[in-house]
Amino acid sequence: MYPENRKMAPRLKQILSVVLLLTGGLIYLLFRPTTLLLFRVAAWIGLTPVIEGARETVTNRHPDEFLIYCLPNGLWAMAYILVIDSLLQVHSTGTRLLVGAVIPLLGAFSELLQSIGLLRGTFDWLDLACYMVPYFLYIWILTQNKQIWI
């Protein structure tokens with residue numbers, strides 16, 4: 001069993017969640033097409049000049065497609081799970097698992113709808129994995145003989 005002091009504090013989970021969220025957003029802003037919704041939000045906030053400058057600095061960089069198109073989904077799914085876990089710390093494992101499943105399952109469901117043509121977009125097994133792996137990891141951590149360290 002993990003000692004009590006090995007549990008990740010709720011505040012640390014929230015900070016890590018923000019870092020994951022911002023990292024996924026940064027990947028989008030640096031490497032994805034500017035027609036995506038996040039760019040409209042950034043423009044509304046007045047960040048377009050900053051984003052254009054940052055994109056200019058990475059013009060000659062060509063990261064792997066997995067990093068650009070799949071990894072942000074996993075980062076955002078994990079960010080959501082960490083926030084939910086930090087907010088529901090006093091609730092049962094079942095409640096935490098149920099609420100923690102919302103974003104990973106919505107992402108996975110959207111991928112599956114894309115695969116059968118009911119949702120616009122391109123189905124990708126790696127996207128599906130990036131939504132679900134953080135959740136499966138969360139299940140594993142929460143159910144390890146009550147050795148809860150997250």
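Colleague: By class, how many nonpolar, polar and charged residues does the lining of the largest pocket have?
Modeller: In this predicted model, the largest pocket holds about 600 Å³ of space, and 20 residues line the pocket. Sorted by class, the lining of the largest pocket has nine nonpolar, five polar and six charged residues.

Colleague: Which helix gives the most to the lining of the largest pocket?
Modeller: Helix H4 (65–87), helix H6 (102–115) and helix H7 (125–143) each supply at least two residues of that lining. With five residues, the helix that gives the most to the lining of the largest pocket is H4.

Colleague: Which residues that line the second largest pocket are the closest to its centre?
Modeller: The second largest pocket has a volume of about 310 Å³, and 14 residues line this pocket. Of these 14, the closest to the centre are Leu21, Leu22, Gly25, Leu38 and Trp76.

Colleague: From which helix does the largest share of the lining of the second largest pocket come?
Modeller: At least two residues of this lining are supplied by each of helix H1 (10–31), helix H2 (37–45) and H4, and H4 also supplies at least two residues to the lining of the largest pocket. The largest share of the lining of the second largest pocket, six residues, comes from H1.

Colleague: How many charged residues does the lining of the second largest pocket have?
Modeller: By class, the lining of the second largest pocket has twelve nonpolar and two polar residues, whereas the lining of the largest pocket has six charged residues among its members. For the second largest pocket, the number of charged residues in the lining is therefore, by the class rule that counts Asp, Glu, Lys and Arg as charged, given as no charged residues.

How values were computed: Residues are numbered from 1 along each chain as its sequence is written. This is a predicted model: local features need pLDDT of at least 70, side-chain atom pairs count only at pLDDT 80 or more; totals for chains, interfaces and linings use all residues. Side-chain values use heavy atoms; hydrogens and water are left out. On a 1 Å grid over the protein atoms alone, a cavity is a set of points where a 1.4 Å probe fits but cannot get out, and a pocket is an open set with protein on both sides within 12 Å along at least five of seven lines; lining residues have an atom within 4 Å of a point. Grid points are joined across faces, edges and corners, and a volume is the space filled by probe spheres set on the points. Helices (H or I, at least four residues) and strands (E, at least two) are DSSP runs, numbered from the N terminus.
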